[in-house]
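Here are a few notes to go with your model, written as numbered points you can check on screen as you read.

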Amino acid sequence: MHTSSERPTTNAHLLGWVEEMAKLCKPDRVYWCDGSEAEKKRLTEEAVAAKVLIPLDQKKWPGCYYHHSNPNDVARVEHLTFICTPTKEDAGPTNNWMEPKEAYRKLGALYDGAMKGRTMYVVPYVMGPATSPFSKVGIEITDSVYVALNMGIMARMGKVALDRLGQSNEFNRGLHSVADCNPERRFICHFPQDNTIWSIGSGYGGNALLGKKCLALRIASYLAKNEGWLAEHMLILEAESPTGEKQYVAAAFPSACGKTNFAMMIPPAVFKGWKIRTVGDDISWMRVGEDGRLWAVNPENGYFGVAPGTNRKTNPNAMDSVRKDTLFTNVARTADGDIWWEGWDTEAPPELTDWKGQHWKKGSPDKAAHPNSRFTAPAKNNPAISPSVDDPKGVPISAIIFGGRRSTTVPLVLEAFNWTHGVYLGATMGSETTAAATGQVGVVRRDPMAMLPFCGYDAGSYFQHWLDMQTRIPHPPKVYMVNWFRKSAEGKFLWPGYGDNMRVLKWMLDRAAGRVGAQETLLGNTPKAGDLDLTGLDAPKENVAAATKIDLGEWEQELESQAEWFDKLGKTLPKPIALQREMLLERVRSA
Ligand code: GDP
Ligand code: PGA
Ligand code: MN
Ligand code: MN
């Protein structure tokens, strides 16, 4: 095994834990990642030699590689994800729970010898800017070179993390093994009390890149509750007006519901002089600043984005972000090292290798790229990256937006009457399921604050934490609900979306700055006639009317479905949230 000279740290807590995990997993070799360019080159070569990565045409796609996953391993697995708190009540009714000792025993047996014949990579990383008081250190042990390389893009990885950690014992202990990649033996377990994550049997990003969903959301949400801050499934964007004023918003949309697109949006021509820049596209850590406002950092350093539907028209900044040094997983590829996916700028070439590695012919009914195929791209590639991404104090948030994928019921935009009403809007958010998690696609489920799969503790207590934050934030952001996905009777999107979402964003920014009025409806405040700038919008007026319509019949059904959701949440559901539903029901019935 390794000699002490190869260990880049003298931290006894860390060395002891790595030794213990190596004894359990029995790798042939232990390798400590330093995060250098030379290391990246070496690991990439190893991965290519092992056929884990396939080089793309390096002239067209410099530094870019392709990865086919096991076809049984293409998305997050919510039914195999567990919160291992001392009691089931701590995990709450929306999480799977396993007793911690039982989980360590069960997974321990699976890890025993799982890395025989393999290298164990020790991946130190920081979530958040290296010097920020927000940031957290994690160490991920993994037997996947693909995971190590992805972590190098998604987090600040290597020496920077060990330097920050020093001799401290305060680091997240993440153990990951692909093992035999069998869904029968796949578990993603979180031990919030131990700041520990054990993940086995999957190499997919959300299950295997432990800094992301596991640490930055599930474990962090638990820490945030105890420490008085928020760890949320939110993009963070910067909006600069033509006069140079900057405002920041954070928005929670469920997986594959438009965060990356919104965070990289390019406004239509009529918004001349406006600039939208990306701070983050998936996760936001928010703390109350000395000035009484809510300040946010993006803990990540890269984008793990949905590939299908991304093209030069819908998201040019994402297309630029993936031009170099990017890993593509489960998209389609050509024989000469090019790539393609459904919703690319041009039609499919006559022949492709599909995401399963099989020959694909144009016109085939099967998708060439998996609907949840992904790119892993360095944030610094994004031409629209905000200069504030590395700011240790974060950015001040003036609006929080919740948004689901709803083909009916939910109008284009609503402004909450107040913080409590905003928490209610988030807590009752519904969204149609997507390919980002295994299971049926397109069924409406409640996904509070887009955190259903990511909240590391009881959902009712999470809503209470949100309510409690009000007393901690003297100058709270305004809260909104949006829906880009309402459909016509023919099943077509009513609102053009993408860059045109700037029209809605502009109204929210103006509201947050007190520059425009609003019209009160029973659901919340909405734009007054003419306040939503629709100049040059490529959509019929009646579609916009249908997208913004409040249909009381649909809302009666919606409120019934919310009642079922509240029943499921049980006795920790905060009273003020239940009361918001009752008051709305009253308003709907008497309207
Ligand atoms: P994320 O997973 O939340 O980051 O979502 P993405 O931004 O990657 O988008 C997921 C899918 O939704 C992609 O196929 C996008 O093309 C599509 N999408 C994103 N924004 C919009 C929008 O405003 N309208 C419509 N109709 N589709 C969108
Ligand atoms: P997404 O991130 O939100 O961009 O889809 C991955 C996920 O949530 O699984
Ligand atoms: Mn996500
Ligand atoms: Mn995304």
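**Notes on the model**

1. Let's start with Pro308, which sits in the loop between strand 18 (302–306) and helix 10 (316–321). Helices (H or I, at least four residues) and strands (E, at least two) are DSSP runs, numbered from the N terminus. Pro308 and Trp344 are separated by 36 residues in sequence, yet their C-alpha atoms are 7.2 Å apart in space. Setting aside neighbours within four places in sequence, Pro308 is in contact (heavy atoms within 4.5 Å) with Trp341, Glu342, His370, Pro371 and Ser373.

2. A word on the ground rules. This is a predicted model, in which local features need pLDDT of at least 70 and side-chain atom pairs count only at pLDDT 80 or more, while totals for chains, interfaces and linings use all residues. Residues are numbered from 1 along each chain as its sequence is written, chains are lettered from A and ligands numbered from 1 in the order in which they are written, and side-chain values use heavy atoms, with hydrogens and water left out.

3. Which residues coordinate the manganese ion (ligand 3)? They are Lys213 (NZ), His233 (NE2) and Asp282 (OD), at 2.0 to 2.2 Å. Donors here are N, O and S atoms within 2.8 Å of the metal (3.2 Å for Na, K and Ca); water is not among the atoms, so sites may look incomplete. Along the chain, the donors of this ion follow the spacing K-x19-H-x48-D. Lys213 belongs to helix 8 (residues 211–227) and Asp282 to the loop between strand 15 (275–280) and strand 16 (284–288), so the pair ties together parts that are 69 residues apart in sequence. The manganese ion (ligand 4) is 5.6 Å from the manganese ion (ligand 3).

4. Two backbone spots are worth a look. Asn195 has a positive phi of about 50° although it is not a glycine, and its place is in the loop between strand 10 (187–191) and strand 11 (196–200). Thr409, also not a glycine, has a positive phi near 70°; Thr409 lies in the loop between strand 25 (395–403) and strand 26 (413–415).

5. Now to helix packing. Helix 11 (residues 419–427) and helix 12 (residues 459–472) pack at about 155°, with their axes 10 Å apart. That makes helix 11 roughly antiparallel (an angle over 145 degrees) to helix 12. Axes are lines fitted to C-alpha atoms, for helices over the stretch in contact, and angles run from 0 to 180 degrees between N-to-C directions. Trp419, Thr420, Val423 and Ala427 in helix 11 meet Phe463, Trp466, Leu467, Met469 and Gln470 in helix 12. By class, this contact has seven nonpolar, two polar and no charged residues. Ala, Val, Leu, Ile, Met, Phe, Trp, Tyr, Cys and Pro count as nonpolar, Asp, Glu, Lys and Arg as charged, and the others, Gly among them, as polar.

6. Finally, the axes of helix 15 (residues 552–569) and helix 16 (residues 575–590) come within 10 Å and cross at roughly 155°. That makes helix 15 roughly antiparallel to helix 16. The residues of this contact divide into ten nonpolar, one polar and four charged.

Technical notes:
Parallel < 35°, antiparallel > 145°, perpendicular 65-115°, else oblique.
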